Amino acid sequence: MSETMPRSLGSIYTPADIAQMLADWAIQDKHQKVLDIGVGEGAFTFAAYKRLERLGARSATAQAQIYGAEIHLPTYKRFINLAQQSGFDFPNVRRADFFATEYPSVTAAIGNPPYVRRSSINGIESVRESARKSVNSPHANSISRMADLYVYFLFKAASLLEPGGRLAVITADSWLNSQYGIALKNYLKENFRIESLVSFDRQLFAAEVKSVLLFATKKTALPFREQPVSFIRVKNGLAPREVLHSFTKPRVTMDDLIISRVSPRKLQAERPWGDNLKVPGICDELVAHNMMTPLSKLGRTSIGIQTLAKEFFVLLPEQVQQLQIEPEYLAPLASSSRTHQSPCIEPGSAPKHYLFYCAKGKPELVGTRVLDYIENAEQVTVPVRGKEKTVVGYQNKERIQRARRLHWYDLRSADEQRGRARILIPRLIHRKCQVVWNRAQFIPGELFIGFTPNGEHRIEDEIYLAILTSSLTELFLRANSQLYGGGTYNISPGQIGSLRVLDATRLSQVQRASLKQAYCLYLADTRHNRELLDRALFDILELSPESELVVKNALEELIALGLSSKHSTNPKNSVA
C-alpha cells in the first residue's frame, strides 16, 4: 500500500475466494440490491458484481445495484483504479462515512466490516448514536461501550436488510464469547435465522485476528420451521465452495470439517458460542453435570490492576536500581503468565517486575527520588494508545484522567481497596496454561484474572487450585475464549465468572483431601505433571474412560489449533 491505513479505520482485506463464497450465498436473484459493508479495495463489490452478472443482470445494471462507502481516501482511490481497469463504474459506492450515509433497503448485505478495537474508535458517540437510530430494537440501545467497531457496522447493515434478505459477513470471532457480543447475539436470535457460523483453522488474514463467517437470513412475518444452526470448523485447506456445500446440503460430510448442529433454543446469548466451533458435544455434556457450577458461585473474579500507562508504572529491577527509587514506593508485581510460569510464587521470591506504588501527594515527597520520577513523567511526550497523537505528561492521558485518581500516579489506594487475589488465572493462554498460587501476595497485573474464594465455605486454596489447574478447566478456558490469529487464547474478564468448574462446596472431606494431596504432589513434581490431579478430579465426576479420553483429546486439539493458528500463513487465493 502506498499509504498506511490508520488504526482507527481498521481495514483487513479479504481473500477473493472468501468474498465470492459469501456473495454467492447471499445473492440469489439478478434484481437484488446489495450492500457492501466496508468497501476497502472492493473485494466484495467485485464479487457481488460477478454474482449478479452470472445470474443474468446486465453489466451497467449490476454495477448500479451495489451500495457501499469507504471513508479512507487512498483506499477508495485504489478501489476506483481497480474498477476503471476493468471498465466498471459503481455509481452507488462512494467515498463517505458508512454511518453518515443513507442507503435504500437491500436484500443482501455482504462484507468484512472494519476491525477496530474500542480504544481506537474515533467519534465513538456519533457511531453509537447512528447505530441506535438505524436499528429499531432495544438490543441496539444495550450495545456495550466495550464493543469493537464491527459490531456497530453489523447492526446498521442488518437494519437495512428487507425481510427474507441474507446477511453474509466475515468478522473477528470476539463477539461469540465476549460480554459485548450479548446485544448482537440477542438481536440476531430475535430477527434472523442464523444458518451457519464457519471458522477456519488457518489464518485468513495477515493480522492478529481470528475470523468467523456468519450466514443469516432475516425473518419474515410468515411462520417458518426452526432449523439448527450449523457450527462448522474447517481444519485444513478446504476450498470455500466446498465449505458452502456443508451447510447448504446438510448431508454432506468431509474429513476436513467438524460440524455441530445446535438448536437455536440452546444458544443463550449470555453464554459463549465459540465452544461449538472448537469442542462440540463434550462441553455440553460436562456443563450439565450436577457437580459443575459457574466460577462466580465460588468466589469473586477481577482483572489485575490496570495501570493505564505501564511504561511509567511497571519497572524492571535494573530500572529500579538505576532510578534509585525508595523501596517503600515499590511493590512486587506478577505481570503475566510468561514471567511467572511456575505454579507458585513463594514468599521471598525476587520480583521480575515492580509496580510504582505511591499514594502520597507531591508536597510530602520533597527531597525524594520518587518526586523526581513523577515530575519527569509529567513533562515527557507520551503516545496515546490506539490514537495517532501524543500528549505532554502522563497526567494528561485521557484514560488516566477518566480514572479520577486523587493523584494521577496513585495505584496504591486502588490496590489496598480491592485486595490481592491468592489465585491467579492467566488471561492470555499460549502453549501452556498455568494457574498461579500467589502465596507471596504479589500485585496481580492486568494479564491475570484474580480469583478470591468466598470465605464462608472455608475451603483451602489447594482445593481450588487443583480444580483450576486441571485439564478439564483448561479445556473450558480455551473453549470459551477468543483465539487470536497469532495463536493466543484470550479469556474475557467479563465472561470468566460463567466458566464451569467442579463445585468445591459439594465435595466430601475425602474428596477434598484427595484433590489437596494431588495438588501438593503436582507442586512437588519438577515437571508439574497433571496426571494424578486429573485422576482425582475425573474420579469425583465419575467420568467413564471414554469421556476422559474425549476430554484429553479435545484439549490436545485446542492446543494444536492455537499452534496451527500461530504458524499458519494465508495461502494465495483467487476468485473461484
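Let's start with a pair of helices: α17 (residues 461-469) and α19 (residues 509-524) pack with their axes 8 Å apart, at an angle of about 70°. Since anything from 65 to 115 degrees counts that way, α17 is roughly perpendicular to α19. On the α17 side, the residues that do the meeting are E462, I463, L465, A466, I467 and T469, and across from them in α19 sit R512, L515, K516, Y519 and Y522.

Before going further, bear in mind that this is a predicted model. The average pLDDT for the protein is 88, and 90% of the residues score at least 70. Two stretches need some caution. Over residues 1-10, pLDDT stays under 50, and the model has 31 contacts beyond four places in sequence for them. Residues 568-576 also have a pLDDT that stays under 50, with 23 contacts beyond four places in sequence. Where pLDDT is low, the predicted coordinates should not be read in detail.

Now for the overall picture. The protein has 21 helices and 24 strands. It has 576 residues, and 56% of them count as buried. If you take the contacts with a separation of 6 or more, 78% of them are between residues 24 or more positions apart.

Back to α19, which has another partner to look at. Helix α20 (residues 531-541) packs with α19 at an angle of about 165°, and here the axes are 8 Å apart. An angle over 145 degrees is enough for the label, so α19 is roughly antiparallel to α20. From α19, the contact uses Q511, S514, L515, A518, Y519, L521 and Y522, while α20 brings L532, L533, A536, L537 and I540. The crossing of these two helices, α19 and α20, is left-handed.

Next, move to a helix pair from another part of the sequence. Helix α5 (residues 124-134) and helix α7 (residues 149-160) have axes that come within 8 Å and cross at roughly 25°. That is under 35 degrees, so α5 runs roughly parallel to α7. This crossing, too, is left-handed. I124, V127, R128, S130, A131 and S134 are the α5 residues involved, and they meet L149, Y152, K156 and S159 of α7.

A131 gives you a close-up of that pairing. This residue lies in α5 and is buried, with a relative accessible area of 0%. Once you set aside neighbours within four places in sequence, A131 is in contact with A140 and Y152. As for V151, it is 20 residues from A131 along the chain, and the two C-alpha atoms are separated by 9.4 Å.

I449 is buried, with a relative accessible area of 0%. What does I449 touch, leaving aside its neighbours within four places in sequence? The contacts are T301, S302, I303, I423, L424, I425, R427, I491, P493 and I496. Take I496 from that list: I449 and I496 are 47 residues apart in sequence, yet 8.6 Å apart in space, C-alpha to C-alpha.

Helix α14 (residues 369-377) shows how burial can be arranged around a helix. The buried residues of α14 are V370, L371, Y373, I374 and A377. Looking down the axis of α14, you'd see these buried residues fall within an arc of 160°, so they line one face of the helix. Among the elements covering them are α12 (310-313), β12 (314-315), α13 (317-323) and β14 (353-356).

R404 sits in the loop between α15 (398-403) and α16 (412-418), and its phi is near 55°, a positive value in a residue other than glycine. R404 is exposed, with a relative accessible area of 76%. Q441 lies in the loop between β19 (436-437) and β20 (443-444). Phi of Q441 is near 60°, again a positive value in a residue other than glycine, but Q441 counts as partly exposed, at 30% relative accessibility.

Terms used:
Residues are numbered from 1 along each chain as its sequence is written. This is a predicted model: local features need pLDDT of at least 70, side-chain atom pairs count only at pLDDT 80 or more; totals for chains, interfaces and linings use all residues. Side-chain values use heavy atoms; hydrogens and water are left out. Buried means under 20% relative accessible area, exposed over 50%, partly exposed in between (1.4 Å probe, protein chains only). Helices (H or I, at least four residues) and strands (E, at least two) are DSSP runs, numbered from the N terminus. The arc is that of the directions from the helix axis to the C-beta atoms. Contact means heavy atoms within 4.5 Å. pLDDT is the predictor's confidence in each residue, from 0 to 100. Axes are lines fitted to C-alpha atoms, for helices over the stretch in contact, and angles run from 0 to 180 degrees between N-to-C directions. A crossing is left-handed if the near helix is turned anticlockwise from the far one by less than a right angle, and right-handed if clockwise.
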